[in-house]
Amino acid sequence: MNNKFCVSIVNSHNNPDTATVGLVVAGAALGSDKETTIFLSTDAVWMAAKGEAEKINIGEPFKPLKELLDTFIENGGTVLACTPCLKTRGITEDMLIDGVTPAGGAILVELLAEGTPCITY
């Protein structure tokens, strides 16, 4: 059985509610001993840029986005950011927070082809 789980997040500043809930679900999957990958694309790549995640906090009962993202990375989760999406927004690799890896869509296709469940926020 595939023990992997994927959360695809497409929102950040444009829809902080779904960005936050996506990170909460990813954290829950990681806490359930799933090998969890977050794939950030379109607007969501902004949360991978230094200083951007700190700007998103939808309030109680949710933790600030930066705290959710840091905890996910510290607990061993994988965070990938769509390379073309980063380029479109002028975000370079040196602007990314530690723990985020630029990646193309092929890696997401590979996860799905392996049977990895994936939910999108």
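**Exercise 1.** What percentage of the contacts in the chain with a separation of 6 or more comes from residues 24 or more positions apart?

*Solution.* The model is predicted. Take the contacts in the chain with a separation of 6 or more; residues 24 or more positions apart account for 74% of them.

**Exercise 2.** Describe the order of helices and strands in the chain.

*Solution.* Begin with the count: the chain has five strands and four helices. Then read along the sequence, which gives the pattern β-α-β-α-β-α-β-α-β.

**Exercise 3.** Compare the radius of gyration of the chain with that of a compact globule.

*Solution.* A compact globule with 121 residues would have a radius of gyration near 14 Å. The chain has 13 Å, which agrees. As a further description, the C-alpha atoms fill a box of roughly 40 × 35 × 25 Å along the principal axes.

**Exercise 4.** Which residues touch the most other members of the largest nonpolar core, and which elements supply the core?

*Solution.* The core has 36 residues, and Leu40 and Met47 touch the most other members. Elements that each supply at least two residues include β1 (4–9), α1 (16–31), β2 (35–40) and α2 (65–74). The largest share, five residues, comes from α2. Next, list the contacts of Leu40, leaving out residues up to four places away in sequence: Ile9, Val45, Met47, Ala48, Val79, Leu80, Ala81 and Cys82.

Methods: Residues are numbered from 1 along each chain as its sequence is written. This is a predicted model: local features need pLDDT of at least 70, side-chain atom pairs count only at pLDDT 80 or more; totals for chains, interfaces and linings use all residues. Side-chain values use heavy atoms; hydrogens and water are left out. A nonpolar core is a set of buried Ala, Val, Leu, Ile, Met, Phe, Trp, Tyr and Cys residues joined through side-chain atoms within 4.5 Å. Buried means under 20% relative accessible area, exposed over 50%, partly exposed in between (1.4 Å probe, protein chains only). Contact means heavy atoms within 4.5 Å. The radius of gyration is taken over C-alpha atoms; the globule rule is 2.2 Å times the number of residues to the power 0.38.
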